[in-house]
Amino acid sequence: MGVINVTPDSFSDGGSFLNPQAAIDMAVRMVDEGAAIIDIGGESTRPGADTVPVQEELDRVLPVIEGILSRCETVISIDTSKPEVITAAIGAGAHMINDIFALQQDGAMAAAAGSSAAVCLMHMQGTPATMQDNPRYDGLFGEITGFLLERIAACDAAGISADRLLIDPGFGFGKNDHHNLELLAGLDQFTVLGPPMLVGLSRKRTLGNLTKRSPGNRVAAGVAAAVLAVVKGASIVRTHDVAATVDALKVVQAVRQAGI
Ligand code: 7PM
């Protein structure tokens with residue numbers, strides 16, 4: 001899954017475009033490089049980022065979804081928590097909802113249930129504004145598993161069947177470096193929940209703290225994390241660096257097939 005942010009953000013040191021044409025070009029390039037899914041976001045989840053009004057978010061993402069689908073065949077994921085954006089993006093051709101609030105915001109569950117799109121349920125402790133202020137867990141895996149099971153049950157109650165779901169432990173979302181590394185080491189524990197697992201480690205701060213590198217120079221670290229995640233059961237890797245990640249995962253897949 002390649003990441004395209006249609007925001008004025010510079011955090012990720014690439015992958016953010018306010019110009020729709022640049023965003024579309026980058027997405028098409030990611031598809032050419034082997035991405036199976038493009039994740040499009042119009043609102044930053046960065047702590048302290050400005051919230052974006054609904055109309056502004058729509059104006060950012062809809063032309064990009066339409067532009068990508070007019071140029072190539074790919075699966076489009078919409079990174080949003082707003083029901084209006086969920087519904088409009090699916091109307092424009094999006095196939096999947098990537099909501100860091102796991103459909104807990106007002107109207108989001110109903111908007112998802114009114115479609116047949118896939119849904120990624122991500123764990124976050126707290127909210128983006130405060131989640132990195134000394135996150136603490138009594139039991140890291142138990143807390144995340146409990147949350148994901150509760151959200152799977154909430155989706156089922158709303159009429160979203162389990163075969164539409166993906167789960168995500170939410171690396172960096174209310175987790176310190178130690179939490180993130182522990183999660184990666186024990187990632188296989190989430191496979192028993194049932195839905196395929198999506199993970200996002202690309203360019204994240206834990207990788208920066210390990211390597212002392214800026215976001216744009218964390219490609220090798222991110223590729224290592226992606227390989228470990230897939231070996232431990234992840235089905236989808238969210239990345240800013242598609243070409244390098246696809247190459248690495250081709251090796252993983254070939255070794256797996258040779259080992260059958
Ligand atoms: C600031 C904080 C800027 C966090 C960017 C981020 C994930 C995601 C993001 C993830 C899923 C980033 C993150 N991360 N969606 N959206 N899983 N499902 O580093 O890990 O891209 S935003």
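User: Before we start, what kind of model is it, and how are residues numbered?

Analyst: The model is predicted, so to speak of local features a pLDDT of at least 70 is needed, side-chain atom pairs count only at pLDDT 80 or more, and totals for chains, interfaces and linings use all residues. Residues are numbered from 1 along each chain as its sequence is written, and side-chain values use heavy atoms, with hydrogens and water left out.

User: How many helices and strands are there in the chain?

Analyst: The protein chain has nine helices and eight strands, where helices (H or I, at least four residues) and strands (E, at least two) are DSSP runs numbered from the N terminus.

User: And how compact is the chain?

Analyst: Its radius of gyration, taken over C-alpha atoms, is 17 Å, close to the 18 Å that the globule rule (2.2 Å times the number of residues to the power 0.38) gives for 260 residues, so the chain is as compact as a globular protein of that length. The C-alpha trace spans about 40 × 40 × 40 Å along its principal axes.

User: What share of the residues is buried?

Analyst: Buried residues are 52% of the 260 in the chain; buried means under 20% relative accessible area, exposed means over 50%, and partly exposed is in between (1.4 Å probe, protein chains only).

User: On to the ligand: which residues are closest to it?

Analyst: The ligand is surrounded by 13 residues, and the closest are N98, D168, F173, K204 and R238; a residue is near a molecule if one of its heavy atoms lies within 4 Å of it. The shell divides into five nonpolar, four polar and four charged residues, with Ala, Val, Leu, Ile, Met, Phe, Trp, Tyr, Cys and Pro counted as nonpolar, Asp, Glu, Lys and Arg as charged, and the others, Gly among them, as polar.

User: How much of the ligand does the protein cover?

Analyst: Of the 480 Å² of accessible area that the ligand has on its own, the protein covers 91%, with areas from the Shrake-Rupley method and a 1.4 Å probe; for residues, only the protein chains shown count as cover.

User: Back to N98, then: where is it, and is it buried or exposed?

Analyst: N98 lies in strand β4 (residues 96–99) and is buried, with a relative accessible area of 4%. Its side chain makes a polar contact with the side chain of D39 at 3.1 Å; a polar contact is a pair of N or O atoms within 3.5 Å, and within protein one must be able to donate a hydrogen and the other to accept it, while residues adjacent in sequence count only if both atoms are side-chain atoms.

User: Something else now: what does I86 touch?

Analyst: Leaving aside neighbours within four places in sequence, I86 is in contact (heavy atoms within 4.5 Å) with T80, I97, L103, A108, A111 and A112. I86 is in helix α3 (residues 83–91) and is buried, at 0% relative accessible area.
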